[in-house]
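Q: Please take a close look at one part of this model: the interface between its two chains.
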Amino acid sequence: MMSEEVKAVANSPVLWLITASVIALLITQSLLIRKRTKDYVLSEHIMTEDEISTATKTGIFATIGPAVAVFILAMSFVNLLGAPMTLLRIGIVGSAGTEIRSATAGALVAGVALGNDELTMPAFGAAQFACAFMTTGYFIMVPVYCLGFGKLFGKWLSPKSDKDKMPLPVVLLTKGFPVAYFSWMIYMQIKASKINAGVICTAVVAMFVLDYLAQNTKAKWLGNWTLGFAVMIGMASSLIWKGILA
Amino acid sequence: MDENKVLTPEQEAHEEEAYNNYLKSIHKFGGGIMIAIMLVTWLAPLYVFAKGGFPGGKVLAGTVAAMLVQEGWSWFTEPLMWLPILGIPGLYLGYTSGNIGSMRAPVSFAAMNNVGAVKGSKKGDAAGMFGMITSVFVNLVFLLIVIFLGSWLLKVLPDVVTGTFNYASPAIQGAGTLLLLKMLFPKKAK
């Protein structure tokens, strides 16, 4: 789907170098933030070493399900726009869905329907530009919000005691917003296919049971695995739901 | 830490100072490196432009317009929505590492849940953060597999297995939402 000319640029060492630099920056940022957070929570007795290790380990298995979802999207992107851009845009920096929408829109403005037409150099340029422009908005707003609202939010969101009453707008923001967002995502999934509805129900039930077992039985080790297992059970159930609903 | 204990004004002042110092360094690393990443990502389109991929001013203007329509509103609302969910350190890292709704947030909930932290508390923010950082590294490993072994994997894995891959997203939304609800509405205050 790419002309030879585009293929050469899309897989060029320069684009690989740019991608590698971003990965290096991300790793540096992660390690620095981790170090500072660890120092802070230990010195202020907010968490114990054990709890830090538990939270860290939870991330390993919990990421596997979501990583598979990103994997699917990334696979289709590699053929369309090349490996370095896939790694940079889909894997890191942006969300897979948003990035694909942006790249598609950019290429389309340049007259190329991604996936159908052969990708031309100008369309590749426009796709790259669209993705960079799209994230720039977020990368400006995030520090603005963190710095501007940071103090305010810190006060509201870290009550000295859980008995402190949060003002209503804060409750709406901290509880209403997330619930609305995830409800919307679930609605979109169910709208897309009935099988998704079955998969969602199975994952919810699996999560509930696994979490109950992890918290109430001797199987404490299960805690690190609940999200990963629940997602896999949900995915596997698609085979059964397909049989029932198809 | 016993979250219900009554603090003397001195202890309270100390806690606040420690928290502010912590936040200051997070702004430095989180925000500073975020801006650096933004600048580096711009090198990619510039390089493609230099190699003959400059689509012309008209196309760029059209792309800007399309992006403003498509994402303009989300620039303002989306980070504001995630801020209370992920906390300040989590927001910086979430945006530089991407895939918040489908990966970072559910992982962060799972980590919070596993240490029994309440969402929005300092412990919750930190626990979510540790989980999220692990996910950055695990996801990088997965991506490298995609890049180097992806097509081969899709060929060798049986269709029964690859068929279930398409249902990863609804499964995450289901399990993640249950975790979120549990975190937002704990049965008893700890």
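A: A salt bridge here is a side-chain nitrogen of Lys or Arg within 4 Å of a carboxyl oxygen of Asp or Glu. Across the interface of chain B and chain A, that rule finds 2. In one of them, A:Glu51 meets B:Lys123 at 2.7 Å, N to O.

This is a predicted model: local features need pLDDT of at least 70, side-chain atom pairs count only at pLDDT 80 or more, and totals for chains, interfaces and linings use all residues. Residues are numbered from 1 along each chain as its sequence is written, chains are lettered from A and ligands numbered from 1 in the order written, and side-chain values use heavy atoms, without hydrogens and water.

Now the extent. Contact (heavy atoms within 4.5 Å) links 133 residues of chain B with 135 residues of chain A. The buried area is about 12100 Å²; this is the accessible area (1.4 Å probe) that the two parts lose on being put together, summed over both. Carbon and sulfur atoms give 77% of it. B:Trp75, B:Phe130 and B:Tyr167 supply 6% of the area that chain B buries against chain A, more than any other three residues.

Next, polar pairing. The interface has 15 residue pairs in polar contact, both residues at pLDDT 80 or more. Such a contact is a pair of N or O atoms within 3.5 Å; within protein, one must be able to donate a hydrogen and the other to accept it, and residues adjacent in sequence count only if both atoms are side-chain atoms.
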